[in-house]
Amino acid sequence: MSLGAEILQGDRRALARALTLVESDPHAADDIIAEVYPHTGHGVVVGITGAPGVGKSTLVDRLAGQFLARGRKVGILAVDPSSPFTGGALLGDRVRMEGRGSDVFMRSLATRGHLGGLARATPRAIQLLQAFGKDLILLETVGAGQSEVDVMGFADTTIIVVVPGLGDDVQAFKAGILEIGDIFVVNKSDRPGADQTMRELRQMLHLGPQRAWMPPVLAAQAQQDVGVSEIADAILRHSEVRLTDPEQQQRRMQEAERLVRDALAEQLVRRVVNQSQAKGRWHEVLTEVAERRLDPAGAAKALHLDQE
Ligand SMILES: Nc1nc2c(ncn2[C@@H]2O[C@H](COP(=O)(O)OP(=O)(O)OP(=O)(O)O)[C@@H](O)[C@H]2O)c(=O)[nH]1
Ligand SMILES: [Mg+2]
């Protein structure tokens, strides 16, 4: 039986193997994805992002518990753009997550140094989990940089987690994170200043563009499991609103375009590079560029024209 068929039948080891393929080279799993793709796209993908240590993993764990109790099939992806190997922190995460038992499938994704690899690996990992039967996927990413914004583009609902005392986070909000948030959580609200942070956030959101969905700002104490069911409710409310949104079809088309453009770019580059290498042109052109006899874009154009 093919790996794809095994995943569709709910084989955890097949899923784990396919995820490893996707992680090492997103395109290594192209055939598997092709097989399972009709069985993907359902359910809810929830992105959870925020600065290091705000309590994302703890919240993910609690939300997993909430959704399990509500009969959902939960998958967790911890997307780690910074560390190429799963270090101590992630291992800690894993141990905590595994407390949920075998009903939750948890996996951390690392780039292993591929630039832009996460943005490519993430949608495929989500598709594999959906093919496996998961209908509620929690996606954790650290930080507020462009790669997190890119990764969060694959979530249906994005949760921004902050802690009392916005401080440095204001900078992150300026970087566009405010626009991508569908739900804001002030975690560690057992600490002083939570009310003020919530007020500040609400003010910032009111200054922004008017939207059909006004992002709620919720207080939580993930560690103590306080405020988590309200967050789960907000996620489900948001997915209902999203489903009746007339722009839903347009968003699906945008996502399709993003995925196809990415695949097209990869295939074209691979084809041109392979053929140029076969003809010995690749090394020649690289040498010219290195010696400043040819500019990079001119080189690309020349290689491309060689094909025709
Ligand atoms: N006081 C308090 N501590 C909390 C709360 N939620 C989580 N923590 C603690 O905050 C620390 C960081 O929690 P994590 O869940 O690992 O945070 P994270 O955002 O996933 O961290 P990174 O993945 O390293 O960015 C842990 O020691 C948690 O126990 C809370 O509501 N109140
Ligand atoms: Mg974490």
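How close do the axes of H4 and helix H10 come, and at what angle do they cross? They come within 9 Å and cross at roughly 70 degrees; axes here are lines fitted to C-alpha atoms, for helices over the stretch in contact, with angles running from 0 to 180 degrees between N-to-C directions. This is a predicted model, in which local features need pLDDT of at least 70, side-chain atom pairs count only at pLDDT 80 or more, and totals for chains, interfaces and linings use all residues. Residues are numbered from 1 along each chain as its sequence is written, while chains are lettered from A and ligands numbered from 1 in the order in which they are written.

**Confidence**
- The protein has an average pLDDT of 85, and 84% of the residues score at least 70; pLDDT is the predictor's confidence in each residue, from 0 to 100.
- Among the elements of the protein, strand S7 (residues 217-219) has the highest mean pLDDT (97) and helix H5 (residues 88-98) the lowest (48).
- Helices (H or I, at least four residues) and strands (E, at least two) are DSSP runs, numbered from the N terminus.
- Over residues 83-92 pLDDT stays under 50, and the model has twelve contacts beyond four places in sequence for them.

**Ligand 1**
- Gly55, Lys56, Ser57, Thr58 and Gln223 come nearest of the 15 residues around ligand 1 (near: C-beta atom, placed from the backbone, within 6 Å).
- Helix H4 (residues 56-69) gives the most to this shell, with three residues.
- The shell has five nonpolar, seven polar and three charged residues.
- Ala, Val, Leu, Ile, Met, Phe, Trp, Tyr, Cys and Pro count as nonpolar, Asp, Glu, Lys and Arg as charged, and the others, Gly among them, as polar.

**H4 and H10**
- H4 and helix H10 (residues 228-244) are therefore roughly perpendicular to each other (65 to 115 degrees; under 35 is roughly parallel, over 145 roughly antiparallel and the rest oblique).
- Their crossing is right-handed (near helix turned clockwise from the far one by less than a right angle; anticlockwise is left-handed).
- Arg62, Leu63, Gln66 and Phe67 of H4 meet Val228, Ser229, Ile231 and Ala232 of H10 (contact: C-beta atoms, placed from the backbone, within 7 Å).
- By class, this contact has five nonpolar, two polar and one charged residues.

**H12 and H13**
- The axes of helix H12 (residues 281-290) and helix H13 (residues 296-306) cross at roughly 160 degrees and come within 10 Å.
- H12 and H13 are therefore roughly antiparallel to each other, and H12 passes H13 in a right-handed crossing.
- Arg281, Val285, Glu288 and Val289 of H12 make the contact with Pro296, Ala299, Ala302, Leu303 and Asp306 of H13.
- That contact has six nonpolar, no polar and three charged residues.

How values were computed. Two residues are in contact if their C-beta atoms, placed from the backbone, lie within 7 Å.
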